[in-house]
Amino acid sequence: MVALALLMLGVAELGSASHHVRFLAPSGSQLSASAAVAALPQPYRASFHFQPPDNWMNDPNGPMFYKGYYHLFYQWNPYAAVWGNITWGHAVSTDMIRWHILDLALLPDQWYDQYGCWSGSATFLNGKPVLLYTGWSNVSFSRDNQVQMQAMAIAVNYSDPLLRQWTKIPQNPILTAPDGINSTKFRDPTTGWLGKDDKWRMIVGAKRKHRGLAILYRSSDFVQWEKAKHPLHSVARTGMWECPDFYPMLASASRNGIDTSVTGPHVKHVLKVSLDDTKHDYYAVGTYVTGNDSFIPTNAKLDAGLGLRYDYGKYYASKTFFDDNKGRRILLGWVNESSIESADIAKNWSSMQGFPRIVWLDAENSERILQWPIDEIKSLYKQKNTLESMRLDIGPVVKVKTTNGAQLDIEVDFALPELKQAEKLEVNASSAQQLCSERASSRSGLVGPFGLLVLASEDQSEQTAVFFYIVSDGRGSWNALVCSDQSRSSLSTDPDKTAYGSFIPVFGNETTMSLRVLVDHSIVETFAQGGKVCITSRVYPTKAINEEAQVYVFNNGSVPIQLKKLTAWEMETVDIGPF
Ligand code: DQQ
C-alpha cells in the first residue's frame, strides 16, 4: 500500500508536469458526422452501434467507467477509411449507447509511438485510471531497433469526469521486448490486477516461433515492470496473441461481475486471446494459480486459441472491463467490414463496435461463458411488433410487420421440435461453418432449417438467414447448428458472403430454441439459446435498405416447428456527435 500511495503521488506530480501531448485541433470532421459522410447516401451506417463520425476504426481500447461516464477509446485513423496513422479516439456516454466524441486521447508524437498508438487498457490506481498502450515506432525512428514498446499515459486533470486530456509519462517506454521476443511481436498490454503481495501484474501479447504467449510482468509502482520467469500462459501452434484479456468471474454463475483483481476459490478466470493468424477471439475458462501466476484451463482441449470463440462471425480484438457502476463485466469487440476496401473509401468510414454485452459464467456448463446485450438497449425501444404462437410448416415464409426493418431488436422462441427425424450428421467446431453453408436456409431439411430472414427484400432475393438446423449423432445426442448465412445478403457480388456458424448441444428435456437478433442496417448480431453462441455478420443489401427491409420467419424442414412468440422492437436512431 505504501508503494501504491507513492505511485499515486507520482501520478499527481506527473499530471502537473509540463509533458503534454500535442492534441490535434478538433475539427468538424473529427467530432461529428463529417460533411463527406453526411453528403453521401449511407444505407449501411448503424443506428445504435458505436461508430466514429468517419474514417477507419478498429480495436476498442481501455473501456471504463469514471465519475458518471463510460469512456470508450478506440483505434482510429483520423485521415482515411483504411487502417493507418493510429490514434486513440475517445468517446463518453452515460449508458454505453448515446456516445459523445471528445478530442483524441493519444496520438503519435513521441519517438516510441511515432508510427501509431496501438491497443492497450485502462487500470485504476487508487481510483484514478491510467492507460497502458503499445507504441509503434518504425525502426528508423526507434532506439535499439525496438518496434513495439509499452507506454503509459495519465490524465492531466482527474477532477474532470470527461478526462479530456492525457499526457504520456516521461519514463516511457516502460517496456521493450524481452530477449528472445521479436520486437514486432510484442503488444497490447492488459488491464493490471493487484496481487496479495501488493504487486501489480499485467500481460502483454507475443509469440515465440508459432507459440502464442501472454508474457507476465510485475510491478510495485506500475511504472517499473519486471518480467516474470514464465508467461502467464502459452499455447503451441496458435501464433501471435494480440489483445489478451484476463479476468475473474463468479464461479456461482451469477450475472454480477467482479473487479479484475479478485481471486479466490469462488472465482474462475477467463483468458481471451485474439489470434492474429485467423482474426478470431478465442477464450478459455480455467483457474488462475496465484502461487506461481499461471493459468490452467479447465479443459485442455478448450485451451485459449483452440476451443471456444466469443463470436463465430466478425468480432475481434475485444476487451472486457468491470463496470463498478452496475456491478457487471462488459465486453466490447471490433466488428470489421465485409465489403471491399474501395467501398469503404467511397462511403468514407469503416467498422463499428459490437453492441456492449454483459458476460458471465454459464451455470449449465462452467467451461463456457454467456453473453447478452446490456439492458440499456431497452431505452431505444419504440414500436413493438409481435407474432403470436403459430405452427410453421415447410415452405411459406411468414412476414413480421415492421415500419423500419433495418433497425430492430428481435427475440423469437420456438418450441423444441420432435427430434427423432433429425438428420444423422457429425458436427464439430471445424465442420460447423461449412455445414451452415451446405444446409442453407433455402434448402429443405428434416428438423430445420428454421429461423429468421432479416434485412430481406419483399421478393426475398436479398436476405440474411439466421437459423437452427438440428442434427443427431445417431447415439442419442443432438446438436443444433446455429447459422448466420450471408450468402444471399446482397445482390452485389463484392462483399464477402461467408455463412458463419457454430453448434450447441440440445437436450431432449429442453423446451425452447431461442434467437435474439440485433439488426442495424449492415450488422446482424445473433445471440442463440440465451447467449451460448453468438454470431456477428456484416451485410450490404442493395434493395432491403431502411424501410424496405423486411423480416420473415421460416421453416424449410419437413418436421413442423411451433413458433411460441416473436417480438421485434423498432429502435431509435442514436445521434453520435460532439460532447
Ligand atoms: N490492432 C492494434 C494492435 C493490435 C491489433 C493496431 C489488433 O495493437 O494487436 O491497430 O487488431
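**Figure 1. The largest pocket of the predicted model.** In this predicted model, the largest pocket holds about 490 Å³ of space. Its lining is made up of 23 residues, and those closest to the centre of the pocket are Gly 307, Leu 308, Tyr 312, Ala 429 and Ser 502. Strand 34 provides the largest share, with four residues. By residue class, the lining of the largest pocket consists of eleven nonpolar, eight polar and four charged residues.

**Figure 2. The shell of residues around the ligand.** The residues that surround the ligand are Asn 58, Asp 59, Gln 75, Trp 83, Trp 118, Ser 119, Arg 187, Asp 188, Glu 242, Tyr 316, Ala 317 and Trp 334. Five residues of this shell are nonpolar, three are polar and four are charged.

Figure 3. For Asn 58, a polar side-chain atom lies 3.0 Å from an oxygen atom of the ligand. For Trp 83, an N or O atom of the side chain is 3.0 Å from a ligand oxygen atom. For Glu 242, a side-chain N or O atom is likewise found 3.0 Å from an oxygen atom of the ligand. On its own, the ligand has 310 Å² of accessible area, and the protein covers 94% of that area. Strand 1 (55-66), strand 5 (116-125) and strand 20 (316-323) are the elements that give two or more residues to the shell around the ligand.

**Figure 4. The second largest cavity.** The structure holds six cavities of 30 Å³ or more. The second largest cavity contains about 60 Å³ of space. The residues that line this cavity include Phe 48, His 49 and Phe 50, together with Leu 72, Met 96, Ile 97 and Trp 99. Leu 332, Gln 353, Gly 354, Phe 355 and Pro 356 also belong to the lining of the second largest cavity. Nine of the lining residues are nonpolar and three are polar, while no charged residue is present.

**Figure 5. A salt bridge between Asp 311 and Arg 357.** Across the whole structure, a search finds 33 salt bridges. In one of them, the side chains of Asp 311 and Arg 357 meet, with a distance of 2.9 Å from N to O. Asp 311 belongs to the loop between strand 19 and strand 20, whereas Arg 357 is in strand 24 (residues 357-361), so the pair ties together parts that are 46 residues apart in sequence.

**Figure 6. Two cis peptide bonds.** The peptide bond that joins Asn 172 and Pro 173 is cis, with omega about -5°. Pro 173 is placed in the loop between strand 8 (166-168) and strand 9 (186-187). A cis peptide bond also runs from Gly 448 to Pro 449, where omega is near 0°. The loop that contains Pro 449 lies between helix 5 and strand 31 (450-456).

**Figure 7. The backbone at Lys 209.** Lys 209 is a residue other than glycine with a positive phi value, near 50°. Lys 209 is situated in the loop between strand 11 (200-208) and strand 12 (211-219).

Notes: Residues numbered from 1 in each chain as written. Predicted model: local features only at pLDDT ≥ 70, side-chain atom pairs only at ≥ 80, totals over all residues. Heavy atoms only, no water. Near = heavy atom within 4 Å. Polar contact = N/O pair within 3.5 Å; in protein donor to acceptor, adjacent residues only side chain to side chain. Areas by Shrake-Rupley, 256 points an atom, 1.4 Å probe, with all protein chains shown as cover. Nonpolar A, V, L, I, M, F, W, Y, C, P; charged D, E, K, R; others polar. 1 Å grid on protein atoms, 1.4 Å probe; cavity = no way out; pocket = protein on both sides within 12 Å on 5 of 7 lines; lining within 4 Å. Points joined across faces, edges and corners; volume = space filled by probe spheres on them. Salt bridge = Lys/Arg side-chain N within 4 Å of Asp/Glu carboxyl O.
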